Amino acid sequence: MQIDILFIFTALIEIFKALPLTMIITLVPLMIGFLIGIGITLIRIRKVKGLYRLANFYVSFIRGTPALMHIMLIYLGLPLLIDKLAGTFQWAFQSTSIPILLFVLMALSLTAGAYMSEIIRAGILAVDQGQLEAAESIGMTNFQAMRRIVFPQAIAVALPNLCNIFIGFLHTSSIAFIVSQKELTGAANIVASNNLKFLEAYIAAALIYWGLTIISEKVTALLEKRATVYNRGGVA
Amino acid sequence: MIQLRNIQKSFGNQLVLKGIDLTVNKGEVVSILGPSGSGKTTLLRCINFLERPNEGEVMVDDFTVNSKQASKKEILTLRKKTAMVFQQYNLFKHKTVMENVMEGLLVVQKSSKETARKLAMEVLAKVGLTEKANAYPVQLSGGQQQRVGIARALALNPEVILLDEPTSALDPELVGEVLEVIKRIADEGITMIIVTHEVSFAKDVSDYIVFMDQGEIIEEGTPTVIFNYPKEERTKRFFKRINREAGILESNLSSVI
Amino acid sequence: MDITLIIDFFPKLISYLHITLLILVAAVAIGLIIGVTIALIRIYKVPAFNRLALIYISFMRGTPILIQLFLIYFGLPALLTLVHIDVSRANPLLFVAITYGLSCGASFAEIIRGAVNGVERGQTEAAYSIGMNEKQMLVRIILPQALAMAFPNFANSVIGSLKDTSLAFTIGVMDMVGRGNTLIASSLHALEVYMTLSIIYYGVVLCLEKGFSLSEKKLQRFEGSLAVDTK
C-alpha cells in the first residue's frame, strides 16, 4: 500500500476551502428547522385541532425516512410544482434558474424541523410545571410565561441534544454532494478524481470533519457550563 | 465459628476500623450498635470482603482469609460461606422472587433446578411470601423485598448471615414484619451478625451486643449487661440519646392521640 | 408527474428490500460484537486498548458515514494488498457491511457502557455476596439488566443505520436505492422512484418501531409500572 502522506496535506488545504458551503448547508437548515420545530412543538403541546395530526405525521415521516429522500423529493418535486404554477399564472420564471443549493437547504430545513421539534418538546416537558404556574401567578400571560420563563430553561436542558443535532447535520450535509454540491465531501470527491488519489482525499476530508466535531463538542461543554450556572446547588 | 482478628480499614488516609477483634460462636446472634460513622457497616462488609480490609484476618468455619494475601479464589470461598442482607435490599431486578432465591443455589452451589426450586419454596414459606414467588421485585413493598432478601440469604444455608441495617430503608409501618422474620430465623439457631439502629430489637434478638464508636469496639457483652450496666461513658451517652429520641417519639405519638 | 407509476415501481423496488435488510442485519451483528468488546475495554479501562477504543469511538462519531464508506472502500483493499489479499473485485456489499458494522459498533459500545454504568452498584454487591465470581456477576446480573436498559437507544441506533443504508448505492451496491437509480435511467421518472423508495423506507421504519416497542415491553417487564422513558 502506498499512501502519499504529503498529498493528504495538499488535499486538506484544497478541501478546506469548501468549509463555508458545508457550514451554510449545516447551519441554515438548523436555524430554519429551529423555527419550524418551535411551531410544531406548540401545535403538538397545545393539540391544535386539524394541525395536530398533520404535525405528528410530518415528524414521524421525516424521522422515518433517510435525509437523502428528503433532498431528492424536494429537488425533484418542487421544480415540477413551481413550473406548473408559473405556467398557470404566466410567470416569466423557470425552476431551472433556481440554484440546487436552495432546494438542498429547503429539504434539510424540513429534516431539521422534525428533529428539532422532538428536542424542543423534550426540553419543554422537562421544565417543571410549577415554573409556568409561578409565572402565571405573578400575572404573566401564558405566552409571556412560555417565552420568558419556560423557554430559556428548556433550551438549557436541550443544549446537549442541540449539540448532537449540530454534529448530526454537519455529517448529513455530506449527502449534498450527491446532488453535486461542492461542500467538503464534494470537494474531496473532486480532488480525489482529479489526482486519482481517492484514499488520501477522503482521509483529508475525514480529518476535517473529525476536527470540526471535536471542536463543537468542546464548545458545547463550555456552553453547557454557562447555561446551567443557575442549576448548581449550594450557595457558592 | 467466625473470628475477626485485627481488622483494619482505611479510606484514603482516614482510618475507619482501628483493629477489630471479634468472635461469634455458631448459632449466636450478634448485634453491632453504635452511632453513624462508627464503622459498623464497614466492619460487616469486611467480613465477606465487599470491602477488603487493609490488615487482619477473617476466619469462617476454620477457613481463614488474610487480607494481605487473599486470592480471588479464597475470597470466593469465603463468600460462599456467608450471605448478606442489604439495607437497600439489592434484589436482582430482572429476576422474579423465585429466581432471586434460586440464583445462588443454581449458579454458585450448582444445585439442580428441582432441588433449588424446592428449597426456594421452603424458605419463601419461612418468610411468608410463597404467593409472591412469580412477582418481580418492583411489584413488592419494601418490607416484602427485604423478606425476599432474607430468603435469598437463607436459601444458601451459609455459616453466617450478615445483615446490614435491614430495616433502615423501610417505612416505619413495614419495619415490624421484617424484624419478625429475622427473629423467627434467629430462633432456628442460624448464626447472624446484624448492624442495626433498632436498639430494642437488638436487645430482644441478640445473644451478644457489640458497641462501636470511631472505628473501635468500645464495649461488648450480653444484652443484659450492656443495656443495664454499661461501663463506658460513650455507651451510656449513646443509650441516653436513643432513649430520649424514643421518648420524644412517644410523646409525639401521645400528643397525636 | 404520474402517481400511478408508484404502483408500477413498488414491486420492482421492494424486491430489493432484502439486500437493504441484509446490510442492516450484517451491520448490527458486527456492531454487537465490536460494541460489547469495546464497551468492556472501556469499562475495565484495559491499558492501551482503552485509548484505542476512545480514538475509534471519537473518529466514528466525528465523521460522516459517507466518508467512512469511501475510506473503507478505497482503504481496505489497499491495506489488504500488504498481506497479498486482493479484494478489489469483492462485492461492494462486503465493504458496506464492514463500514456500517464499524459504525454501529461505536454507537453500541457507548450505549452499552452507559447502561452498564447505570446498573446500581448494589446489584454487583448482591451478586458477590451470594458467592458469584466476576464473570457470573457480569453475565447473569449486570448485562441482562444493562441490555434491557440500553434497548430503546439501541433500537434508535438500528433505525438510524437503516436510514444510513440509503447511501450504500454511492459505492455501487445494488440495494433498493441502487435499483432505483437504474429505474430512473430507464424510465426517466426520478421523482416517482424516490416517492416509492420513501414509502418503503417509512413502512420498514414503522414496522421496526412497532417491533422494537413490543420487545421493549417484554424485555423491561421487570421494570413494572416504574419503567421510565430513557430518551
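**Figure 1. Chain A in the predicted model.** Along its sequence, chain A reads α-α-α-α-α-α-α-α-α. In a model that is predicted rather than experimental, this chain holds nine helices and zero strands. The C-alpha trace of chain A spans about 70 × 60 × 30 Å along the principal axes. Of the 236 residues in chain A, 45% are buried. Chain A exposes about 12500 Å², and 67% of that area is supplied by carbon and sulfur atoms. Among contacts in chain A with a separation of 6 or more, residues 24 or more positions apart account for 78%.

**Figure 2. Overall form of chain B.** The secondary structure of chain B consists of nine helices and 10 strands. Its C-alpha atoms fill a box of roughly 55 × 55 × 35 Å along the principal axes. How does the radius of gyration of chain B agree with that of a compact globule? A compact globule of 257 residues would have a radius of gyration near 18 Å, and chain B has 19 Å, which agrees. Buried residues come to 54% of the 257 in chain B. For contacts in this chain between residues at least 6 apart in sequence, 62% join residues at least 24 apart.

**Figure 3. Contact between chain C and chain B.** Chain C contributes 23 residues to the contact and chain B contributes 26 residues. About 2200 Å² is buried between the two chains, and carbon and sulfur atoms give 59% of this area. Which residues of chain C lose the most area to chain B? They are C:Ser129, C:Ile130 and C:Phe222, which together make up 28% of what the chain C side buries.

**Figure 4. Arrangement of the three chains.** Two pairs of chains touch, and of these the pair formed by chains A and C has the most contacts. Chain A and chain B do not touch. The nearest C-alpha atoms of chain A and chain B are 24 Å apart.

Figure 5. C:Ala106 sits in helix 5 of chain C, which covers residues 92-118. Is C:Ala106 buried or exposed? C:Ala106 counts as buried because its relative accessible area is 6%, under the 20% limit. Apart from neighbours within four places in sequence, C:Ala106 is in contact with C:Tyr56, C:Ile57 and C:Met60. For C:Phe9, the C-alpha to C-alpha distance to C:Ala106 is 36 Å, and the two residues are 97 residues apart in sequence.

**Figure 6. B:Thr42 and its contacts.** B:Thr42 belongs to helix 1 of chain B, residues 40-47. With a relative accessibility of 13%, B:Thr42 counts as buried. Which residues is B:Thr42 in contact with, leaving aside neighbours within four places in sequence? The contacts are B:Lys9, B:Phe11, B:Val16, B:Leu17 and B:Glu51.

**Figure 7. Positive phi at B:Asn6.** Most residues other than glycine have a negative phi. B:Asn6 is not a glycine, yet its phi is positive, at about 50°. The residue is found in strand 1 of chain B, which runs over residues 2-11. B:Asn6 is partly exposed, with a relative accessible area of 32%. This value places B:Asn6 in the partly exposed class because that class lies between the 20% and 50% limits.

**Figure 8. Positive phi at B:Asp62.** B:Asp62, a residue other than glycine, has a positive phi near 65°. Where in chain B does B:Asp62 lie? B:Asp62 is in the loop between strand 4 (55-60) and strand 5 (63-66). B:Asp62 is exposed, since its relative accessible area is 70%, over the 50% limit.

Note on methods. Residues numbered from 1 in each chain as written. Chains lettered and ligands numbered in written order. Predicted model: local features only at pLDDT ≥ 70, side-chain atom pairs only at ≥ 80, totals over all residues. Heavy atoms only, no water. Helix = DSSP H or I, 4+ residues; strand = E, 2+ residues; numbered from the N terminus. Rg over C-alpha atoms; globule rule 2.2 N^0.38 Å. Buried < 20%, exposed > 50% of the residue type's maximum accessible area, 1.4 Å probe, protein only. Contact = heavy atoms within 4.5 Å. Buried area = accessible area lost by both parts, 1.4 Å probe. Areas by Shrake-Rupley, 256 points an atom, 1.4 Å probe, with all protein chains shown as cover.
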